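The following paragraphs lead the reader through one protein chain. Please keep the sequence and the structure in view while reading.

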Amino acid sequence: MGKLTREAVVERALEIGDAEGLQAVTIRRLAQELGVTPMALYWHFKNKEQLVVGMADHLIEDFEITPDGSRPWQEQLRELVGRLVRMLRRHPCAEAVLEEVDKMEVPAFLRVWDTALGLALRARFGARESCLITRYILQGAIALAGGSVEHRRCVPDEERAEHVRLKRVRFQSLPPDTYPNIVRMAVPLTERGDAELYDTFGVDLLLAGIESMAARLDG
C-alpha cells in the first residue's frame, strides 16, 4: 500500500468503531486492518488516547462552522446543531468518542465550543446561561441522533415489522377509558417514520426554546 496517512488511520478506526464499538479499536487491530506493523502507527499515534483525540478531531471537523457576524445567530446555531446531529447519526461510535476524549486536547472541539458560546452571547444570554446552552445542545443532539429503537436498530424488515405489530397490539389493548390518547394514536406511535423529519423536528424543538428565551431578553 502507499504511504500510511494520519487521515487513513483515523478513518479506519472510525469504521471499526461504528461497526463494533469504540472498545474494538486498538493499535494492534488497526495495524492488522491496514496491513502494517504497530510500529508504523506509532508515527501518528503513540497510544489509544492519542488515537481517540484524532478520531474526535476528525468527527468534529465534519460539522464545524465558520462564525459569520453578518448572519443571524439563530441561523448559524441551527446549522451547527443540525450538522452535529447528522454527524452523530452517521457515526454510532461518536458519542463514546466524545465521552472518552479529553476535550482540551481536541482543537476542533474547542473551536466549535467557542463558536457556540459566541452565538449564545450574541443572543444576549449571560455567561452562565451561554455555558448551559452549549451543554444542552450537545446532550440534545446526542439524544436526537440516538432516536428510537426503531431508528437505531439495523434488523431485517420482517423482524422490524413483527416488532412494530406487537407493540401496536399492546397499545391498542390498553383500557381506552384510562389511556384514550395512547389507544387512539397506536399507529403513529409505532410507525418508524422518516429519519430526516425526526431530526428536523427535533432540532426545531431544541432551537425554539433557545430562541424563545432570547426573544424575552430582547423584550
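Against which helices do the buried residues of α7 pack? The model that answers this is a predicted one. In it, the buried residues of α7 pack against α4, α5 and α8. The residues concerned are Ala108, Phe109, Val112, Thr115, Ala116, Leu119 and Ala120. Around the helix axis they cover an arc of only 135°, which places them on the same side of α7. An α-helix has 3.6 residues a turn, so residues three or four places apart point the same way.

With 16 residues at 1.5 Å a residue, α7 should span 22 Å, and its end C-alpha atoms are 23 Å apart, which agrees. After α7 comes Arg124, whose phi is positive, near 75°.

The next topic is the nonpolar core. The largest nonpolar core holds 57 residues, of which Leu51, Met55 and Leu88 touch the most other members. Two or more residues of this core come from each of α1 (6-20), α2 (27-34), α4 (48-61), α5 (73-90), α6 (94-100), α7 (107-122), α8 (127-146) and α13 (195-218). The largest share, 8 residues, is given by α5. When residues up to four places away in sequence are not counted, Leu51 touches Val9, Ala13, Val25, Ile27, Leu30 and Phe45.

Two annotated spans can now be located on the chain. An unreviewed UniProt entry places the feature "domain: HTH tetR-type" at residues 3-63. In the model, this span is 67% helix and 0% strand, and its end C-alpha atoms lie 28 Å apart. UniProt, again in an unreviewed entry, lists residues 26-45 as "DNA-binding region". For residues 26-45 the end C-alpha atoms lie 11 Å apart, with 60% of the span in helix and 0% in strand.

The cysteines remain to be considered. A disulfide is a covalent bond between the sulfur atoms of two cysteines. How many disulfides does the model contain, if the two sulfur atoms must lie within 2.5 Å? The count comes to 0.

How values were computed
Residues numbered from 1 in each chain as written. Predicted model: local features only at pLDDT ≥ 70, side-chain atom pairs only at ≥ 80, totals over all residues. Heavy atoms only, no water. UniProt positions renumbered as here; feature names shortened; annotations may be inferred. Helix = DSSP H or I, 4+ residues; strand = E, 2+ residues; numbered from the N terminus. Core = buried A, V, L, I, M, F, W, Y, C linked by side-chain atoms within 4.5 Å. Buried < 20%, exposed > 50% of the residue type's maximum accessible area, 1.4 Å probe, protein only. Contact = heavy atoms within 4.5 Å. Expected span 1.5 Å × (residues − 1). Arc of directions from axis to C-beta. Disulfide = S-S within 2.5 Å.
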